[in-house]
Amino acid sequence: MGSPPFITFLSDYGLRDEFVGVCHGVIARRCPSARVIDITHGVARHDVRAGALALSSALRYMPAGVHLAVVDPEVGGEGERARRAVALRLAEEGRLLVGPDNGLLPPAAELFGGVVEAVDIGRSPARLEPVSATFHGRDIFAPVAGALAAGESPAALGEPFPIEELRKLERSLARLRDGALELHVQHVDHFGNLILDAPHSLLAQLGLRLGRPVSVEVDGQEHGARYVGTFSDVDPGELLLYEDSRLTAALAVNRGSAALTLGLRRESKLTVRPA
Amino acid sequence: MGSPPFITFLSDYGLRDEFVGVCHGVIARRCPSARVIDITHGVARHDVRAGALALSSALRYMPAGVHLAVVDPEVGGEGERARRAVALRLAEEGRLLVGPDNGLLPPAAELFGGVVEAVDIGRSPARLEPVSATFHGRDIFAPVAGALAAGESPAALGEPFPIEELRKLERSLARLRDGALELHVQHVDHFGNLILDAPHSLLAQLGLRLGRPVSVEVDGQEHGARYVGTFSDVDPGELLLYEDSRLTAALAVNRGSAALTLGLRRESKLTVRPA
Amino acid sequence: MGSPPFITFLSDYGLRDEFVGVCHGVIARRCPSARVIDITHGVARHDVRAGALALSSALRYMPAGVHLAVVDPEVGGEGERARRAVALRLAEEGRLLVGPDNGLLPPAAELFGGVVEAVDIGRSPARLEPVSATFHGRDIFAPVAGALAAGESPAALGEPFPIEELRKLERSLARLRDGALELHVQHVDHFGNLILDAPHSLLAQLGLRLGRPVSVEVDGQEHGARYVGTFSDVDPGELLLYEDSRLTAALAVNRGSAALTLGLRRESKLTVRPA
C-alpha cells in the first residue's frame with residue numbers, strides 16, 4: 001500500500017570499497033521491501049562535524065523513515081574510549097535516527113522536534129554475530145535500521161537511556177564585531193564553494209546590500225567580492241558572497257573554486273565587511 | 001501494474017556532497033513509487049557538452065520514463081543571463097526530459113523523434129518554495145520530475161513555449177581532408193580512453209582496414225597505432241584505434257591511458273591516417 | 001511474493017561515466033521489478049584479484065539472487081585471447097553468478113557450496129545486438145542478469161560447459177617461517193588500511209597476544225605496532241595490527257593511513273613478528 005518504508009543512509013565509507021554495498025545487502029536481507037536513499041558516502045573520513053552538517057541539510061528533503069548515519073572514528077573502542085551506538089525516535093513524523101552517539105545526529109534531530117526516545121543498540125538482538133571491532137555499520141547500525149524499517153520498535157531493539165546523556169558537538173559561530181563579520185569555513189563542497197558558519201540573515205545585520213562590493217579578509221590580505229544572488233551575477237573568475245541553498249552565507253568563484261582561490265579549508269577563519 | 005514509473009538522473013553534482021541524495025529525497029516525497037536510475041553524476045563540472053554526450057549515449061538503454069538531467073552553469077541567473085528551466089515531451093515512447101535549456105537535452109531528444117511539447121517550468125506549481133538561487137536541481141527540476149512520474153502532464157506543470165526556441169549546442173565534427181581524418185576529443189572516459197567526434201563509419205571512408213597500422217598525429221608528432229576491434233587485439237601499452245561502444249571512433253592504450261600517453265584532453269585536435 | 005528479485009552488481013567501471021547507469025537501464029528494461037544493489041564500482045581498473053576479494057567479502061551479506069560482476073581486461077578478445085562469458089548456478093540458495101570467466105567469480109562461488117551448473121553466455125539469446133567489442137557489461141552480462149532475475153534458467157540463456165574448465169586465480173598466501181609471518185598486501189582500502197593475505201587465525205599461531213607490541217618489517221626496516229582489537233585501542237598516528245571485518249589480518253594507522261605511513265601497495269611484501 002502506498003509508500004514503501006524508506007531508509008536514508010549517509011556515511012564516510014566512500015564508494016571505492018564494498019562497505020556501502022554490504023550495508024545495503026544487510027538492510028535488504030532484514031527488510032526486503034525497504035527503499036534506501038543514499039544521501040552521500042563522501043563525508044570526509046572521520047569528520048563528524050561535516051557529517052552532521054550534510055545530514056541536517058538533507059533531512060528536511062527526505063521522506064519520513066529511518067535515517068541511518070555512520071561517521072564513527074571511535075568504532076569498536078572499549079571502556080573509556082567507547083561511544084554508544086544509538087537509535088533515536090524524534091518528536092515529529094515518527095522519524096528515527098540510527099548511528100553512533102558522537103554528535104553526528106543531534107543537529108538533524110532538532111529539525112524534527114528533538115529526541116523523545118533514545119536506546120543503546122550496542123547489544124541489540126538485531127545485530128549480526130560476531131560483531132566485528134571495525135565495521136559496526138554492517139554489524140549493528142544497518143541491521144537495526146532494517147529492523148526498524150520492518151516495523152520493530154526502538155524499545156525492542158535496545159536499552160533505553162536518558163536523552164540528556166546524548167553527546168553534542170560544539171559548533172563554531174560567526175560573530176559581528178566592529179562592523180565586520182568574523183566567520184569560519186564549515187564545509188568545502190564538491191565545487192570548491194565555501195559554506196560559512198553564519199545564517200544568511202546575519203549578512204543583512206552587517207548592512208550588506210545585494211549587488212554591492214564586499215571585502216573578504218584572509219590572513220591579513222583583502223580580496224574584493226560582490227554580494228549577489230547567484231554565480232552568474234558576477235563574471236567568470238570573480239568572487240561572490242551569496243546565500244547557499246542551505247540558507248547559510250557562502251563564498252564561491254563563478255566557474256572556479258573559492259577554496260583554491262583563497263587557499264581556505266574547513267575551519268579556516270575569515271572576515272567579511274562592506275567594501 | 002507491472003512496471004513502476006522510472007526516473008533517470010544525470011548531473012555534474014558529484015557524490016561528495018548531499019546534492020544527489022537530496023534530489024532523490026525530493027523525488028521520493030513527490031512520487032514514492034518512482035524508481036530512480038542514476039546514469040552518472042560524474043559529468044565534469046559545468047560541462048554541458050559532456051553531459052549531453054553521456055545523456056544521449058545512455059538514453060537508448062534506459063526504460064521509458066522521465067529523464068532528469070542537470071548540468072547548469074547559469075543556474076539562478078536573472079534577465080539576460082537567465083536560461084529557461086524546461087520539461088520536454090518527445091515524439092516516441094512518451095519519454096519526458098527535464099532540465100535546463102542550455103543545449104544539454106536536444107541530442108537525447110533527437111533519438112526519440114524530437115520534441116513535441118515544451119514547457120517552461122521556472123515557475124512551476126510543483127516547485128519547492130522558496131526557490132534557491134543555486135540549487136534548482138532540488139527546488140525545480142527534481143520536484144517537476146517527480147510530479148511527471150506521478151502522472152501529471154507537462155502542461156499542468158509549466159508554461160508552453162515554441163519548440164524552436166530551444167537552445168542547441170554547436171558540435172565539432174571530424175572532417176576528411178587530403179586522405180586524413182581531422183578529429184577532436186569529445187570526451188575522456190574513466191579509463192583514459194579518448195572518444196572522438198567521428199562516427200565509426202568515417203574510418204571506412206578513410207580507407208582503414210581492421211588489423212592495419214595507422215598513424216596518429218598530435219601537435220606535429222606521429223604516433224603508431226593499430227586499427228582493431230578491441231583492447232586485447234594489441235599488446236599491453238600499445239595504442240589502438242577502435243569503434244567505441246557508443247559507435248564512435250576512439251583511441252585507447254591496452255591496459256593504459258591514451259589521454260596520458262598522448263597528452264590529450266577534451267577538445268584537443270588530432271589527425272588520423274593510414275600508416 | 002514478498003521479496004523482489006535482487007541483483008547485486010560489482011565492477012571496475014567507476015562512477016565518472018555512464019557505464020554503470022547504462023547497465024542499470026538494461027536490467028530495468030529486461031526485468032522492471034528487479035532491485036539492484038551496487039556492491040561497488042570502485043574496483044581498481046582491470047584488477048581481477050581485487051574484484052574477487054570484494055565480491056567474496058560482500059556476498060555473504062547479500063540477499064540471494066543474481067550476482068553480476070564485471071572486471072574484464074580481456075573483453076572482446078578473439079581466438080586465443082578470448083575469455084568465456086559465463087553464468088553459474090551455485091549449490092546453495094539458488095544463487096547465480098554472471099561475469100567473465102577469468103577468476104573473478106570462483107572465490108565467491110566457494111562460499112555457497114561451489115558451482116553446480118555453468119553456461120557460456122557469449123552467444124546468449126538475451127544479449128543485445130550488435131554486441132560491442134568493448135562493453136560486454138551492457139551487451140551481454142546485464143541483459144543475462146536481468147533475464148535470470150526475471151526467472152529464465154541458465155540453460156535457456158547459454159551453452160553448458162564442464163565446470164572444471166572454469167579459470168581460477170592463484171592466490172598468494174602468507175607463511176610462517178622462523179617465528180615470523182611473511183605476508184602480502186591483498187588490498188588497500190579507502191582509508192589506507194592494508195588488508196593482508198592471512199586469515200586472522202594465523203596471528204594466534206604466531207604467538208601474538210592482544211595488547212602486545214609487534215614488529216612490522218618492510219624492506220629491511222622495522223616499524224613498531226601493537227596487536228589490538230580496533231583503531232582506537234592505540235593513539236592517533238600509531239600503527240596497529242588487527243582483525244579486519246573480513247576476518248583477515250590487517251594493518252592500519254589510527255586516524256591515519258597505513259599505506260602512506262609504510263609506503264606499501266597491493267602485493268607488497270612484509271613480515272610480522274612479536275616485538
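Predicted model: local features only at pLDDT ≥ 70, side-chain atom pairs only at ≥ 80, totals over all residues.

Tutor: B:Glu267 is partly exposed, at a relative accessibility of 47%, where buried stands for under 20% relative accessible area, exposed for over 50%, and partly exposed for what lies in between (1.4 Å probe, protein chains only). Residues are numbered from 1 along each chain as its sequence is written, chains are lettered from A and ligands numbered from 1 in the order in which they are written, and side-chain values use heavy atoms, with hydrogens and water left out.

In chain C, the side chains of C:Glu117 and C:Arg89 form a salt bridge of 2.8 Å, N to O. C:Glu117 belongs to strand β6 (residues 115–120) and C:Arg89 to strand β4 (residues 85–90), so this pair ties together parts of chain C that are 28 residues apart in sequence; helices (H or I, at least four residues) and strands (E, at least two) are DSSP runs numbered from the N terminus. C:Arg89 is partly exposed, at 34% relative accessibility. In chain A, by contrast, A:Asp139 and A:Arg138 are both buried, and the closest N and O atoms of their salt bridge are 2.7 Å apart. Chain A also holds a network of salt bridges that links A:Asp47, A:Arg49, A:Arg266 and A:Glu267. Over all chains, the count of salt bridges comes to 54.

One salt bridge is found across the interface of chain A and chain C, and it joins the side chains of A:Glu18 and C:Arg246 at 2.9 Å, N to O. The side of chain A that touches chain C draws its largest share, 8 residues, from helix α1 (residues 19–30) of chain A. Across this interface there are also 18 residue pairs in polar contact, both residues at pLDDT 80 or more; a polar contact is a pair of N or O atoms within 3.5 Å, of which, within protein, one must be able to donate a hydrogen and the other to accept it, and residues adjacent in sequence count only if both atoms are side-chain atoms. In total, 32 residues of chain A are in contact, that is, with heavy atoms within 4.5 Å, with 42 residues of chain C.

A:Arg246 lies in the loop between β13 (239–243) and β14 (248–253) of chain A and is buried, at 14% relative accessibility. Its side chain makes a polar contact of 2.9 Å with that of B:Glu18 and another, of 3.5 Å, with the side chain of A:Ser57. Leaving aside residues up to four places away in sequence, A:Arg246 touches A:Ser57, A:His187, A:Ile195, B:Asp17, B:Glu18 and B:Phe19.

Conventions. Salt bridge = Lys/Arg side-chain N within 4 Å of Asp/Glu carboxyl O.
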